[in-house]
Amino acid sequence: MTLHLKKSWIISLITSFVLLGGVLFSPAASADATKVATSTYSDQSYEEFKEYTTQLFALETYEAKAFTALESIDTQVTSTNRKSMYLKLTNTVIPNYTKLVSKAKQIKPTNPQIKKIHATFIKASYTQLEGYLLYQKAVSKNKVNYTLLKQGNAKVNTAAVLMDQCEQQLYAYARSLGYDS
């Protein structure tokens, strides 16, 4: 059986925002975006959005460590590579993804639209972690538990759908503030 591995979504978000004109990273572009945003939204909405995305991007270090370890795992699970997978999941992937989820839960947006987006984000991240925990349990014994592996794949696939929804909500909100797509 094969492990389903999801792409790095925070890096994907960063790349997407850079492609939107680098508005989160370029002061000149941010000033222009503020002018556009103030035509229909308050400066407060723009600042809340900027603060939220900055907090999300701060989580990237944990995700990067987890995904670097995941990329080094052979996605085809066998009794031969089971122990190596278990160690990478136990020592790197799960601790870093647990930190990501824990720190994400500490982000407390006040804007109702951002709160809704963040709730989807938390659900996606936690579901992803649950999938990794199932992978770990599946390869923790000498004999690979393919039922748990299948359940882990289902969780990771569900997390991917939720993260796509989160990204779409975030992009729609960014566009409503005047960011170009």
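Modeller: Before we start, helices (H or I, at least four residues) and strands (E, at least two) are DSSP runs, numbered from the N terminus. This is a predicted model, where local features need pLDDT of at least 70, side-chain atom pairs count only at pLDDT 80 or more, and totals for chains, interfaces and linings use all residues. Residues are numbered from 1 along each chain as its sequence is written, and side-chain values use heavy atoms, with hydrogens and water left out.

Biologist: Thanks! How many helices and how many strands does the protein chain have?

Modeller: Read the elements from the N terminus and you get α-α-α-α-α-α-α. The count for the protein chain is therefore zero strands and seven helices.

Biologist: What distance does helix H7 reach from its first C-alpha to its last?

Modeller: Helix H7 covers residues 146–176, which is 31 residues. The expected span of a helix is 1.5 Å times one less than its number of residues. For H7 the expected value is 45 Å, and the model comes close to that, reaching 45 Å.

Biologist: Which residue caps the N-terminal end of H7?

Modeller: Look for a polar contact (a pair of N or O atoms within 3.5 Å; within protein, one must be able to donate a hydrogen and the other to accept it, and residues adjacent in sequence count only if both atoms are side-chain atoms). Here a side-chain oxygen lies 3.1 Å from the backbone nitrogen of threonine 147. The oxygen belongs to the capping residue, asparagine 145.

Biologist: Is serine 45 buried or exposed?

Modeller: Serine 45 sits in helix H3 (residues 43–58). Buried means under 20% relative accessible area, exposed over 50%, partly exposed in between (1.4 Å probe, protein chains only). Because its relative accessible area is 11%, serine 45 is buried.

Biologist: Which residues is serine 45 in contact with, leaving aside its neighbours within four places in sequence?

Modeller: Contact means heavy atoms within 4.5 Å. With those sequence neighbours set aside, the partners of serine 45 are Asn111, Tyr173 and Leu177.

Biologist: What is the arrangement of the aromatic pair of phenylalanine 67 and tyrosine 97?

Modeller: The whole structure holds four aromatic pairs. Rings of Phe, Tyr and Trp (its six-membered ring) pair if their centres lie within 6.5 Å; planes under 30 degrees apart count as stacked, over 60 as edge-to-face and the rest as tilted. For phenylalanine 67 and tyrosine 97, the centres are 6.5 Å apart and the planes 70 degrees, making the pair edge-to-face.

Biologist: Which helices hold phenylalanine 67 and tyrosine 97?

Modeller: The two residues are 30 residues apart, and the pair links distant parts of the chain. Phenylalanine 67 is in helix H4 (residues 60–71), and tyrosine 97 is in helix H5 (residues 82–106).
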